[in-house]
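Subject: Structure for you to look at

Hi,

Here is the structure I promised. Please open it first, then read my notes below.

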Protein chains: 2
Amino acid sequence: MNRTEVPDVVILRLPLYVRALAQLLAGGAEVVSSQQLGSLLQMTPAQIRKDLSYFGRFGKQGRGYNVRFLREELRRILGLDRKWPACLVGVGRLGQAIINYSGFAPEGFTIVAAFDRDPEQVGRNIAGVEVRPMSDLRATVADREIAVGIVSVPAAQAQSVIDLLVAGGVRGILNYAPIAPQVPLNVVLRNIDPVLSLQSMTFYLLPHDDGPALPITLP
Amino acid sequence: MNRTEVPDVVILRLPLYVRALAQLLAGGAEVVSSQQLGSLLQMTPAQIRKDLSYFGRFGKQGRGYNVRFLREELRRILGLDRKWPACLVGVGRLGQAIINYSGFAPEGFTIVAAFDRDPEQVGRNIAGVEVRPMSDLRATVADREIAVGIVSVPAAQAQSVIDLLVAGGVRGILNYAPIAPQVPLNVVLRNIDPVLSLQSMTFYLLPHDDGPALPITLP
DNA sequence: TAGCGGTAGTTAAATTATTCACAATTGTTT
DNA sequence: AAACAATTGTGAATAATTTAACTACCGCTA
């Protein structure tokens, strides 16, 4: 299972499958076909089967996939069957919302340390996490084997914070700042950027010439 | 300029260009080449030129692109040269962080109305926006010609809220709930889902066989 | 004004991703 | 037990996207 063989787009879709399977499981389903999963996620059954085939054979012909089994396999493939301690940098409004967000922990992403450069914030305890000074970042990341850094500082400071995290040994970064950060090839970057999302949305809200303005009447 | 001719991936990249150009402009640059823009955004110059060529000819051979001009053209193409009034549904912790976020308004996205089903929240004023009951949603969206809805309610309620927004006439939805919503073809959907981002990140943090474990010694 | 370095726009080629189509297999029904 | 309906996994075909390569052009310099 050579990771360079599996296209990135496929990896991006696997968590979608995991989530849909969890839903199905919660609903009591034991078996699901690529057809059903496809209509749930609005994609073609062929794509789902193809995606899964990169990793093995999980289904039974004529039946479909065992929901619980497939979910567990995908979680294992993605590394979701373990804990991923993370640290947060920047405990402003956004950072606090992130620390308090209840969606990370159940998925194994626990924020075990928080940092801020503001002396006012340092020492505060937010949702059980003590805010530490930036000068502690490097050592803490190393000591606690933190592989994931979450960045919620203003754009102006984001790149230098990311550099710090990388220097500390973090291997993945979830960046909320509205910039296009530079990271080494061996560091995985994911950007959360609602403004970009809105800005690409508006194009489709504009009127465009994609058809005759008036119905064409044949003579 | 038929929108069906322009690939979606291209539209997704345009805001990136707009942002990079704004940065360059702030830095005093008057002209930029696809080469420079590419290294700033970590993409090939060819891709940038190709993307721009879908919309016209903006550069000068031997020189590059006029930063201010290209930025304005792209903003016009994306519809960013106008105001996009938006409404927010769900003013819990996340919703409040969104309303208070200072990054939307400068880009023309102003939250002009907020809704919540909790009677405790209704009537409150958050950052100058009064929270209204869900029963007002439909009429308000229509009256104020709100084209964009932002959804920050718990997953369980998200689909029904989205249905409401669509019924009210919203044409684009920015969804923060961790679900895969169903929307009609004529409604543009963008999901903000940090958990999915993390879940696809961890795959790359795992050890994978992508090369010999030990150096191979030739005899 | 002729030549040159540099860069856009564009056509063609290469690469990547998606969809199709079908053999193989499963469980069910008659 | 045979026929049948359903569904996977996959190789081939198709479609989409990216990259490369080249022509035309711009502004500068000698």
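Two residues are in contact if their C-beta atoms, placed from the backbone, lie within 7 Å. Keep in mind that this is a predicted model.

Start with two helices of chain A. The axes of α1(A) and α2(A) lie 11 Å apart, at an angle of about 100°. Angles of 65 to 115 degrees count as roughly perpendicular, so α1(A) and α2(A) are roughly perpendicular to each other.

Next, the two chains. Here 49 residues of chain B are in contact with 49 residues of chain A. On the chain B side, α1 (8-26), α5 (93-100), β9 (172-175), β10 (188-191) and α8 (194-205) each supply at least two residues. The largest share comes from α8(B), with 12 residues. This side of chain B has 31 nonpolar, 11 polar and seven charged residues.

Last, the DNA. DNA strand D is surrounded by 29 residues. The closest are G59(A), G62(A), P7(B), Q61(B) and G62(B). Chain A gives two or more residues from each of α2 (34-41), α3 (45-53), β2 (59-60) and β3 (64-66). Which element gives the largest share of the surface near DNA strand D? That is α3(A), with six residues. By class, the surface near DNA strand D has eight nonpolar, 12 polar and nine charged residues.

Best wishes

Notes. Residues are numbered from 1 along each chain as its sequence is written. Chains are lettered from A and ligands numbered from 1 in the order in which they are written. This is a predicted model: local features need pLDDT of at least 70, side-chain atom pairs count only at pLDDT 80 or more; totals for chains, interfaces and linings use all residues. Helices (H or I, at least four residues) and strands (E, at least two) are DSSP runs, numbered from the N terminus. Ala, Val, Leu, Ile, Met, Phe, Trp, Tyr, Cys and Pro count as nonpolar, Asp, Glu, Lys and Arg as charged, and the others, Gly among them, as polar. A residue is near a molecule or strand if its C-beta atom, placed from the backbone, lies within 6 Å of it. Axes are lines fitted to C-alpha atoms, for helices over the stretch in contact, and angles run from 0 to 180 degrees between N-to-C directions. Angles under 35 degrees count as roughly parallel, over 145 as roughly antiparallel, 65 to 115 as roughly perpendicular and the rest as oblique.
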